[in-house]
Amino acid sequence: MTNGFAIVPAGDSALILEFPALDGRIDPAANRRAVAVAESLRGAGLAGVRDVVPTFHSVAVYFDPLSADVDGVAARLEMEAVRPVPGPLVEASPLVHIPVCYGGEFGPDLPAVAAFGRLAPAEVIALHAAETYQVCMLGFLPGFAYLATVNPRIAAPRLATPRVRVPQGAVGVAGQQTGIYPCETPGGWLLIGRTPLKPYDPVSTAPFLLKAGDRVKFHPIDPGQYNAWPRSA
């Protein structure tokens, strides 16, 4: 790690720009830096670059080794890495409002999260909905956004044994993170609610509800509102 970053190869067709991590903790500043670099690289239209993927504190650049100027890509990464760190997400960043029906059949782990924080279930809901979250990255499944950071009082660890089936739209917490399951899948996050929105719709012209760099605000709704929410086909 030099000058606060490192550029390392990942095989013969990818370079990774890494910023320092905080001993396993999520660093919003490092993530903003990674997202800003990824957006700039996508806009640059570098020849041979196939994809640019930001993560919590790194950026992967995938390229065609036969057509890309690899030294040029590395030089551009280095130039981006030394730019000033972007400030906290501001009004210019898209703010996505997500309705959530908390507790009951929609959030079976709400009591466990409440017990973790020595809170009433209503306090867990209030704390979860009070934050404006940063979309740090997408991964695990198409459209699964890792959102941070969760209030420490409800930052319960994931389940020791994952569920075999988690429904589409389930909203969970796992340590510092919260997220929405985009499809039915196994999963180990503690489920506190469910949204009627689709985080991933493969038949849509805009299949992903969220992207890295977005801001997210959750809003409680009741079961009647959940069931009446318009669903896309």
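**A β-barrel with packed helices and aromatic pairs**

Strands β6 and β7 form a hairpin with 6 residues between them, and Phe140 in the turn has a positive phi of about 70 degrees. The structure is a predicted model, in which local features need pLDDT of at least 70 and side-chain atom pairs count only at pLDDT 80 or more, while totals for chains, interfaces and linings use all residues. Residues are numbered from 1 along each chain as its sequence is written, and side-chain values use heavy atoms, with hydrogens and water left out. Helices (H or I, at least four residues) and strands (E, at least two) are DSSP runs, numbered from the N terminus.

Of the 6 residues of β6, 5 are buried (under 20% relative accessible area; exposed is over 50% and partly exposed in between, with a 1.4 Å probe and protein chains only).

These strands belong to a barrel closed by 7 strands in the order β5-β12-β9-β10-β7-β6-β13, with mixed pairing. On average, neighbouring strands of the sheet are turned by 40 degrees against each other, direction ignored. Axes are lines fitted to C-alpha atoms, for helices over the stretch in contact, and angles run from 0 to 180 degrees between N-to-C directions. Strands β9 (residues 170–174) and β10 (residues 177–180) run antiparallel and are joined by 4 bridges; Val171 stands opposite Ile180 in β10.

Two helices pack on the sheet. Helix α3 (residues 110–117) touches β9 and β12, and its direction makes about 120 degrees with that of β12; contact means heavy atoms within 4.5 Å. Helix α4 (residues 121–130) touches β5, β6, β9, β10, β12 and β13, and its direction makes about 150 degrees with that of β13.

The buried residues of α3 are Leu110, Val113, Ala114 and Gly117. They fall within an arc of 100 degrees seen down the helix axis, so they line one face of α3; the arc is that of the directions from the helix axis to the C-beta atoms. An α-helix has 3.6 residues a turn, so residues three or four places apart point the same way. The cover over the buried residues of α3 includes α4, β9 and β12. Pro111 and Ala115 are exposed on the face turned away from the buried side of α3. Just after α3, Arg118 takes a positive phi of about 55 degrees.

The structure holds 9 aromatic pairs. Rings of Phe, Tyr and Trp (its six-membered ring) pair if their centres lie within 6.5 Å; planes under 30 degrees apart count as stacked, over 60 as edge-to-face and the rest as tilted. Phe144 and Trp189 have ring centres 5.3 Å apart and planes at 90 degrees, so this pair is edge-to-face. The pair links distant parts of the chain, 45 residues apart. Phe144 is buried at 1% relative accessible area, and Trp189 is buried at 5%. Tyr200 and Phe208 form a stacked pair, 5.3 Å centre to centre with 25 degrees between the planes. Tyr200 is partly exposed at 24% relative accessibility, as is Phe208 at 43%.

Definitions and conventions
Two strands pair if DSSP finds at least two bridges between them.
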